[in-house]
Amino acid sequence: MNWANRRKKRQNNDMMLHMGLLILALGIGYSRKFSLEKSMRKQFVGQLRQRQAMAPLYLMFKEMVPEYVIPRMLNKEVIADPRGTVTVLFVLIDNFGDYTREKQNPQSSLKFLNACFDKMDTICAKYKVTKIETVQEEYVACVGVTMEEQSIDHKVLLSKLLKAAAEILAVKEVEVEGGQKVAVSFKMGMHTGSIVAGV
């Protein structure tokens with residue numbers, strides 16, 4: 001009987017040990033799950049804050065460069081993409097110098113530039129022409145630079161650019177602040193060839 005009692009006592013001890021180990025493993029599992037969830041929540045909140053912080057930057061870049069390069073810029077990627085056939089349109093506000101000499105007011109000059117560039121933006125968007133940049137009183141746009149345009153016949157793209165150019169040339173006045181209309185004239189040129197599109 002002594003031997004049977006010892007065996008029963010040993011089985012009880014083993015069962016208690018197994019129960020203790022099981023409870024310990026369960027506690028460690030819950031602890032790790034809680035830590036993992038907390039870490040994932042923290043990572044999600046961090047990514048959400050980063051996206052919210054990037055939104056104004058994205059909108060600012062959208063005014064400065066073609067939209068398709070912005071995600072690559074935000075990822076700090078060096079952009080140097082060769083393009084086969086591209087046509088670039090250069091538009092110069094011909095009477096900008098006369099306007100600034102007449103007004104001698106930086107605010108008026110910038111309002112005039114913004115009115116001209118907004119008009120060109122609208123026309124280019126209408127014909128799906130890609131705005132590249134504005135430099136002082138010059139506006140630069142092109143066709144054939146985006147990935148989607150690479151598979152389209154360049155004659156088709158060129159016809160869109162020529163329609164946009166003709167509509168820009170037809171603009172004789174722009175509306176600045178307060179509904180005031182100001183006369184405007186443009187000079188423009190084009191170049192067709194291969195390029196490296198880079199930022």
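Axes are lines fitted to C-alpha atoms, for helices over the stretch in contact, and angles between N-to-C directions run from 0 to 180 degrees. Helices (H or I, at least four residues) and strands (E, at least two) are DSSP runs, numbered from the N terminus. This is a predicted model, in which local features need pLDDT of at least 70 and side-chain atom pairs count only at pLDDT 80 or more, while totals for chains, interfaces and linings use all residues. Residues are numbered from 1 along each chain as its sequence is written, and side-chain values use heavy atoms, with hydrogens and water left out.

**View 1. Packing of α4 against α5.** The axes of α4 and α5 lie 9 Å apart, at an angle of about 150 degrees. The pair is therefore roughly antiparallel (angles under 35 degrees count as roughly parallel, over 145 as roughly antiparallel, 65 to 115 as roughly perpendicular and the rest as oblique). The crossing of α4 and α5 is right-handed. A crossing is right-handed if the near helix is turned clockwise from the far one by less than a right angle, and left-handed if anticlockwise. From α4, Met 120, Ile 123 and Lys 126 meet Ala 164, Glu 167 and Ile 168 of α5; contact means heavy atoms within 4.5 Å. By class, this contact has 4 nonpolar, no polar and 2 charged residues. Ala, Val, Leu, Ile, Met, Phe, Trp, Tyr, Cys and Pro count as nonpolar, Asp, Glu, Lys and Arg as charged, and the others, Gly among them, as polar.

**View 2. Packing of α3 against α4.** Helix α3 spans residues 96-103 and helix α4 residues 106-126; their axes come within 9 Å and cross at roughly 150 degrees. That makes α3 roughly antiparallel to α4. The two cross in a right-handed sense. Phe 96, Tyr 99, Thr 100 and Lys 103 are the α3 side of the contact, with Ser 108, Ser 109, Phe 112 and Leu 113 on α4. The classes here are 4 nonpolar, 3 polar and 1 charged.

View 3. Glu 133 sits in strand β2, residues 130-135. Its relative accessibility is 36%, so Glu 133 counts as partly exposed (buried is under 20% relative accessible area, exposed over 50%, partly exposed in between; 1.4 Å probe, protein chains only). Leaving aside neighbours within four places in sequence, Glu 133 contacts Met 64, Glu 138, Tyr 139 and Val 140. Met 64 is 69 residues away in sequence, yet the C-alpha atoms of Glu 133 and Met 64 are 5.8 Å apart.

View 4. Lys 128 is not a glycine, but has a positive phi of about 60 degrees. Lys 128 lies in the loop between α4 and β2. With a relative accessible area of 61%, Lys 128 is exposed. Gln 136, also not a glycine, has a positive phi of about 50 degrees. The loop between β2 and β3 (138-143) holds Gln 136. At 64% relative accessibility, Gln 136 is exposed.

**View 5. Confidence along the chain.** Mean pLDDT (the predictor's confidence in each residue, from 0 to 100) is 86 for the chain, and 97% of residues reach 70 or more. Confidence is lowest in helix α1 (residues 2-64), with a mean of 79. Helix α5 (residues 154-170) has the highest, at 95.
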